[in-house]
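User: Hello! I am new to this one and would like to walk through it step by step. Could you show it to me so that I can ask a few things?

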Amino acid sequence: MNAPLLSVSDARKRYGPVAALDGVSLEVRAGEFFALLGPSGCGKTTLMRCIAGFETPDSGRVTLNGADLSGVPPYRRPVNMMFQSYALFPHLNVFDNIAFGLRRKGEAAEAIAARVGELLEMTQLSPCATRRINELSGGQRQRVALARALAPRPALLLLDEPLGALDRKLREETQFQLKEIQRKTQTSFVIVTHDQDEALALADRVAVMRAGKVEQIASPVEIYEKPATRFVAGFVGETNFVDGVVRGGALDTAFGLLPRARCDLPEGARATLSIRPERIGVARAGHGVAGLVEDFVFRGEYTLLRVRVAPDVVLRVGAYEGGFAQGEEVRLSFAPDAGVLFAEAA
Ligand code: ATP
């Protein structure tokens, strides 16, 4: 396995009583697309600022290619940052915005022209090279900011909510472009986002943060299918939490026994099953847990049903077959390997 490009070990940072970073460790590989995901205030921006050098951790280490970055100012780090606001120069045209960092480094004019030309092409901005920033659409501005940040060939690019300023439809389109540009440049990207769909769509690996700590680092599929904690299960994607007690390898719930394929918890332990709506089977008749459809929302490829299975338990169930009616009785099935069981305190 290659040595990591970036390594953060046990980083801590306090602002008065707030532990913005409470012992964060993670590694980013060369060429990797990495996402920091978490709710507002969990410490994502603080971590990114520590990596960029705008902020110094109270303790812990940040290394790049094995070299300790403590005391190295931002402009001396092979790290660049793209801000959510883009921070473009309104009085310069697109070409000059992208060339800015290279000129400051004193590179030769031909080398600058070649590099900027390459980036204009990659970001599909060649026809706009001489336009001023205020003559561009939101999506084009975002691409100028990206091209400018990539121009000096940083080993690592930090992107703070890179698609945050774009509307929903443009965001999706831009996600593909961003991924393609990352692949072409083979630069390590670390994006900060509170949007789980964005993190899952873009990143090779995702770190889910909560209150200054990393809860899980894994691939998007693993984060979704095998959340390490109850928080991750609830924060990423939709889920149902079903409380119960472990009995004979099953979870004893308010609506019956749910057999489990694997159960590491002791007999009698209180536990919670996290199960995604689409992992609960639904049929109009047959075996399974009886429930009543309370209401439903059409979501295009499936219908999300709210099904009452006990006086105080309503489950969200994804039905791929349409035509369910309010008040209809249905049967729900729970595969023994579907979902993840958490001990009560997890
Ligand atoms: P958001 O998604 O809202 O940007 P975040 O996950 O990036 O949130 P941070 O900005 O890193 O979170 O903030 C983490 C915690 O540290 C928050 O409680 C925040 O209020 C606090 N904090 C961050 N910067 C400072 C500062 N300069 N002074 C005081 N408190 C700060």
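User: What is the handedness of the crossing of H2 and H3?
Analyst: In this predicted model, helix H2 covers residues 94–104 and helix H3 covers residues 109–122. The handedness of the crossing of H2 and H3 is right-handed.

User: Which residues of H3 make the contact with H2, and how many of the contact residues are charged?
Analyst: On the H2 side, the contact is made by Phe95, Ile98, Ala99, Leu102 and Arg103. Their partners on H3 are Ile112, Arg115, Val116 and Leu119. By class, this contact of H2 with H3 holds 7 nonpolar residues and no polar ones, and the charged residues number 2.

User: How is H2 placed against H4, oblique or roughly parallel?
Analyst: Helix H4 spans residues 138–150, and its axis lies 7 Å from that of H2. The two pack at an angle of about 30°, and their crossing is right-handed. Angles under 35 degrees count as roughly parallel. So H2 is, relative to H4, roughly parallel.

User: Which residues of H4 does H2 meet?
Analyst: From H2, the residues taking part are Val94, Asn97, Ile98, Phe100 and Gly101. By class, the contact of H2 with H4 has 5 nonpolar, 2 polar and 1 charged residues. The H4 residues that H2 meets are Val144, Ala147 and Arg148.

User: What about H4 and H5: at what angle do their axes cross?
Analyst: Helix H5 takes in residues 168–185, and its axis and that of H4 come within 11 Å. H4 and H5 are roughly parallel to each other, because their axes cross at an angle under 35 degrees. The crossing is right-handed, and its angle is roughly 20°.

User: How many polar residues does the contact of H4 with H5 have?
Analyst: H4 brings Gly138, Gly139, Gln142, Leu146 and Leu150, while H5 brings Leu170, Thr174, Ile181 and Thr185. Of these residues, 4 are nonpolar and none is charged. The number of polar residues is 5.

User: Now to the ligand: which element gives the most to the shell around it?
Analyst: Among the residues surrounding the ligand are Tyr15, Val18, Ala20, Lys44, Thr45, Thr46 and His194. The elements giving two or more residues to this shell are strand E2 (18–28) and helix H1 (44–52). With 3 residues, the element that gives the most is H1.

User: And how many residues of that shell are polar?
Analyst: The ligand's surroundings also include Gly38, Ser40, Gly41, Cys42 and Gly43. By class, the shell has 4 nonpolar residues and 1 charged residue. The polar residues number 7.

User: Last one: what is the mean pLDDT of the protein?
Analyst: The model scores ipTM 0.95 and pTM 0.91. A pLDDT of 70 or more is reached by 99% of the residues. The mean pLDDT is 93.

Key
Residues are numbered from 1 along each chain as its sequence is written. This is a predicted model: local features need pLDDT of at least 70, side-chain atom pairs count only at pLDDT 80 or more; totals for chains, interfaces and linings use all residues. A residue is near a molecule or strand if its C-beta atom, placed from the backbone, lies within 6 Å of it. Helices (H or I, at least four residues) and strands (E, at least two) are DSSP runs, numbered from the N terminus. Ala, Val, Leu, Ile, Met, Phe, Trp, Tyr, Cys and Pro count as nonpolar, Asp, Glu, Lys and Arg as charged, and the others, Gly among them, as polar. pLDDT is the predictor's confidence in each residue, from 0 to 100. Axes are lines fitted to C-alpha atoms, for helices over the stretch in contact, and angles run from 0 to 180 degrees between N-to-C directions. A crossing is left-handed if the near helix is turned anticlockwise from the far one by less than a right angle, and right-handed if clockwise. Two residues are in contact if their C-beta atoms, placed from the backbone, lie within 7 Å. Angles under 35 degrees count as roughly parallel, over 145 as roughly antiparallel, 65 to 115 as roughly perpendicular and the rest as oblique.
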